[in-house]
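Let's take a walk through the charged pairs of this protein. Have the viewer ready, and we'll go from one contact to the next.

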Amino acid sequence: MNAPKSSSSPALAVGIVGAGYIADYHVSALRAVPGVEVRAVCDLRASAAARFAEAQGIPASYGDLAEMLRSEKLDAVHVLTPPNAHVAPALQILDAGVDVLLEKPLAHTLAGCEALESAARASGARCGTSHNFLFTKPYERLMADVSSGRLGHLDQIDIVWNKELGQVKGGPFSAFMLAHPSHILFEVAPHSFAHALHLTSGLAPNTAATEITDLSVDARDEVALPRGLRFFRRWEIRGWAGKTSVRIRFCFDAGYPEHYVHVRGSNGTGHVDFENNTYVRQEHTPYLLDIDRFVNVGHAAQSALTQAGATLGQVVLAKAGLPVAGGPFAESITRAVRCFYDTRLGRLDARLDVALAKGAVALATRAAERAGLGQGTQAPAVSAAPKTVVPQATGAQRPDTLVVGGTGFIGRALVRRLVESGVSVRVLARDPDGAPPELMRPEVERVRGDFTDLASVVPALEGIKHVYHLARGYGNTWDEYLRWDVAPTR
């Protein structure tokens, strides 16, 4: 483990692995932690790492993790890759004696969790997992009531996640969560599994997670996806933690969004609404029944209104450019990251600890088994950048037309019209295997590449006479636009 830093010591140097959307939240969170500096970012796509570093003002970017660890003297690294790409980079970082904070889940298999746990123990480096919804203020208020005994003995825990999953309709269909019917249990469900285990772990906030027994699982509403994939949009998982019943429900179809934890105790109830960022407690008062009901309803309404106003005010201040988290989701990540650095030199908060994170993966594994689905998960290599491969044409005519940005809404329509007109088409895509159904046809040649990475574009241009360019480089400023849109196009 890295030595503690005194007030006069240099700032803790932190690296980022994975330049996806969640990386923005982590960088913002890190900049809210005193004595921490983000020094480098690494991504398999070196161009993506470079873009992210430039946009965020990070000094260095890399396309290879080993090179980043050799070149930078880092105290900690945040691993923000897909679930099935957690273990390999995290092991590499831990073996270098550097602390790791992973986005949930800890790993996509129990074997991976155990490997990370063993590596952390051997190296002395810390390994934490961010289940960020455990750090929302409403949930912490619920846990305070549970821990103090105010709600009494926990009788029932009901956890609901009802949110449409856009990837089911639009892809990419090579995403980990869609690659096997059980993968959603390791991608989205760990949020809810962590809540169930944390609530049932005991009344003290730093006790280890318990096991939920007598598990039963229903997976319903199956839909067929491209490439022969299957997905279940509705899940119901039931079990017991001692005398406490636990019920977890997921719906990934369209409808009114809900995300909440409801706890019924012998003395009262607690309800955390993550969508609205509120916590409401109801308990008996010394008054007569009708007055008791009035007081409870009035208190709940007043409390919810006050919390809603505070949330709106925080969002408005963030949009005005003040240094506050932009909303409940951003704030919860900020608080999780802050907690990691506050406790990394002592005992990690139980919400970040391997015990809870491994328990969530174990629960996902058992739920997949009870549903009769298994896992079928394999992790990709992470040390080398993906190669651009131009496949041999299946027909007599090699493509003479390249479409860049063909996976988008307009791009798909364009490719369809070109093919209908008899044009032989090649599509450049970051993830050819995850292309939409319209592009998964024999007349369309799909190659891996990113138009901002010219090394991947050159082989895709072989035999091409015409280019339709519909991609964008994601620049946020004029200088970034010139570098990541204009220059590659030229």
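Which side chain meets Asp450 in a salt bridge? In this predicted model, the partner is Arg45, with an N to O distance of 3.2 Å. Look at where the two sit: Asp450 is in the loop between β16 (444–448) and α14 (454–460), while Arg45 is in the loop between β2 (36–42) and α2 (46–56). That puts the partners 405 residues apart, so the pair links distant parts of the chain. Their surroundings can be read from accessibility. Asp450 has a relative accessibility of 5%, so it counts as buried, since the cut-off for that is under 20%. Arg45, at 30%, is partly exposed.

Salt bridges that share partners join Arg45, Arg51, Arg430 and Asp450 into one network.

Now move over to Arg150 and Glu283, whose side chains meet in a salt bridge at 2.6 Å, N to O. Arg150 lies in the loop between α6 (137–148) and β7 (154–162), and Glu283 belongs to strand β13 (residues 278–283), so this contact ties together parts that are 133 residues apart in sequence. Arg150 is partly exposed at 39% relative accessibility, and Glu283 is partly exposed too, with 22%.

One more stop: Glu222 and Arg230 form a salt bridge, with their closest N and O atoms 2.7 Å apart. Glu222 comes in at 42% relative accessibility, which makes it partly exposed, and Arg230 at 38% is also partly exposed.

If you'd like to keep exploring, a search of the whole structure finds 29 salt bridges.

Terms used: Residues numbered from 1 in each chain as written. Predicted model: local features only at pLDDT ≥ 70, side-chain atom pairs only at ≥ 80, totals over all residues. Heavy atoms only, no water. Salt bridge = Lys/Arg side-chain N within 4 Å of Asp/Glu carboxyl O. Helix = DSSP H or I, 4+ residues; strand = E, 2+ residues; numbered from the N terminus. Buried < 20%, exposed > 50% of the residue type's maximum accessible area, 1.4 Å probe, protein only.
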